[in-house]
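Please study the sequence and the three-dimensional structure shown below. The paragraphs that follow lead through selected helices, strands and side-chain pairs.

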Amino acid sequence: MMTISDESALDIPKWHEFMHPVLQVLSDGETYSRRALRTATTAATGITEDQLSVILKSGQSKVDNRIGWATSALTQAGAVERPARGAYQITEVGHQALKDHPKSITLTDLREFPSWVAHAEARAARRTEAGMQVAQETGEPGDDSTPEDRISGAIDELQRTAADELLQRLQDGTPDFFEDAVVKLLLAMDYGGAEQRGLKVGGIADGGIDGFVDQDPLGLERVYIQAKRYTTGNSISRETLQAFIGALHGRGANKGVFITTSHFTRHAREYAENLPTRIVLIDGERLTSLMIKYRVGVHVERTYEVVTVDEDFFE
């Protein structure tokens with residue numbers, strides 16, 4: 001499952017780019033349920049499994065969210081109607097829109113629908129009456145992104161800022177602090193079990209091992225840790241990994257986690273992938289991502305609640 005930040009490489013259509021496919025699906029004159037319409041539109045646009053796997057912060061599929069916004073906009077424009085709860089059907093306005101725009105329907109086209117203009121003007125009037133500052137707008141949403149996109153984008157930006165600061169603080173700290181931090185992270189990820197069995201070793205006589213976590217009460221399944229607090233430009237080489245492997249073999253171990261605030265060279269990664277010993281490599285980027293995910297070294301400053309209309313309520 002991918003998050004919204006993974007979308008750039010998948011070329012997911014913008015919300016308004018789903019308007020034409022939605023109308024094409026409905027052009028057969030049949031009445032579609034919300035789920036059936038989204039399924040048919042997804043199939044008609046050739047959406048891939050990878051694209052469907054992109055998830056918003058709310059937990060909703062990004063594709064489903066954008067199809068929902070497209071359907072809502074077409075309804076407000078009078079091109080789609082709801083003959084019953086949770087049901088959608090094309091109107092004469094919708095049929096005419098397909099004739100006038102046989103290839104696509106753009107935001108500019110949407111703003112020419114009389115019903116859409118009336119909707120936008122009524123919405124602006126309501127805001128004015130409520131004493132709210134109104135920017136020049138033609139409806140909701142008014143650009144390539146949905147409100148969920150903008151919220152998720154802002155959250156991603158805040159998390160990137162927190163990740164950068166986390167990495168800097170780890171690099172500026174002492175080796176002892178860093179070793180303790182990575183053990184706490186693995187325990188937060190439940191590698192130490194319910195009893196939180198883990199220990200930082202460290203010190204000049206650590207034998208190449210900085211810590212470990214036990215995956216069973218007797219310590220029969222022990223995962224050893226190597227933690228290197230390097231600056232960003234100082235990469236971990238294959239030779240450094242080989243030294244860690246030697247330390248593992250010296251303890252009769254076959255599992256290890258190598259964590260660094262820097263990154264691993266290509267040769268180091270290729271070496272680790274071809275080892276019979278199971279070694280997991282965690283670089284600085286993945287380290288901070290895991291710390292944020294498992295709330296190690298960070299805390300939730302505030303939360304926001306976002307409400308939308310519950311379509312199931314009206315079905």
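Helix 8, residues 147-172, has 26 residues and reaches 38 Å from its first C-alpha to its last, close to the 38 Å expected at 1.5 Å a residue. The expected span is 1.5 Å times one less than the number of residues. Helices (H or I, at least four residues) and strands (E, at least two) are DSSP runs, numbered from the N terminus. The model is a predicted one, in which local features need pLDDT of at least 70 and side-chain atom pairs count only at pLDDT 80 or more, while totals for chains, interfaces and linings use all residues. Residues are numbered from 1 along each chain as its sequence is written, and side-chain values use heavy atoms, with hydrogens and water left out.

Which residues of helix 8 are buried? They are Glu148, Asp149, Ser152, Asp156, Ala163, Leu166, Leu167, Leu170 and Gln171. Here buried means under 20% relative accessible area, exposed means over 50%, and partly exposed lies in between (1.4 Å probe, protein chains only). The cover over these buried residues includes helix 4 (62-76), helix 9 (175-188) and helix 12 (284-293).

A salt bridge is a side-chain nitrogen of Lys or Arg within 4 Å of a carboxyl oxygen of Asp or Glu. Glutamate 165 is partly exposed, with a relative accessible area of 46%, whereas arginine 169 is exposed at 58%.

The structure holds four salt bridges. One of them lies in helix 9, where aspartate 180 and lysine 184 are four residues apart, or about one helical turn. Their closest N and O atoms are 3.2 Å apart. Aspartate 180 is partly exposed, with a relative accessible area of 27%, and lysine 184 counts as partly exposed at 47%. Another joins arginine 266 to glutamate 270, with the closest N and O atoms 3.0 Å apart. Both of these residues lie in helix 11 (residues 266-273), again four residues apart. Arginine 266 counts as exposed at 55% relative accessibility, and glutamate 270 as partly exposed at 35%.

An open sheet of three strands has the order 2-5-4, with antiparallel pairing. Strand 2 (32-33) and strand 4 (80-81) each have a single partner strand and stand at the edges, so one side of each is left without a neighbour in the sheet. Two strands pair if DSSP finds at least two bridges between them. Strand 2 and strand 5 (residues 87-90) pair over two bridges, and serine 33 has alanine 87 of strand 5 as its bridge partner. Helix 1 (residues 19-26) lies across strands 2, 4 and 5, running at about 90° to strand 5.

The structure holds three aromatic pairs. In one of them, the rings of phenylalanine 244 and phenylalanine 258 have centres 5.6 Å apart and planes at 85°, so the pair is edge-to-face. Phenylalanine 244 belongs to helix 10 (residues 238-250) and phenylalanine 258 to strand 9 (residues 255-260), 14 residues apart. Rings of Phe, Tyr and Trp (its six-membered ring) pair if their centres lie within 6.5 Å; planes under 30 degrees apart count as stacked, over 60 as edge-to-face and the rest as tilted. Phenylalanine 244 and phenylalanine 258 are both buried. Together with Phe264, Phe244 and Phe258 form one aromatic cluster.

Methods
Contact = heavy atoms within 4.5 Å. Axes fitted to C-alpha atoms, helices over the stretch in contact; angles between N-to-C directions.
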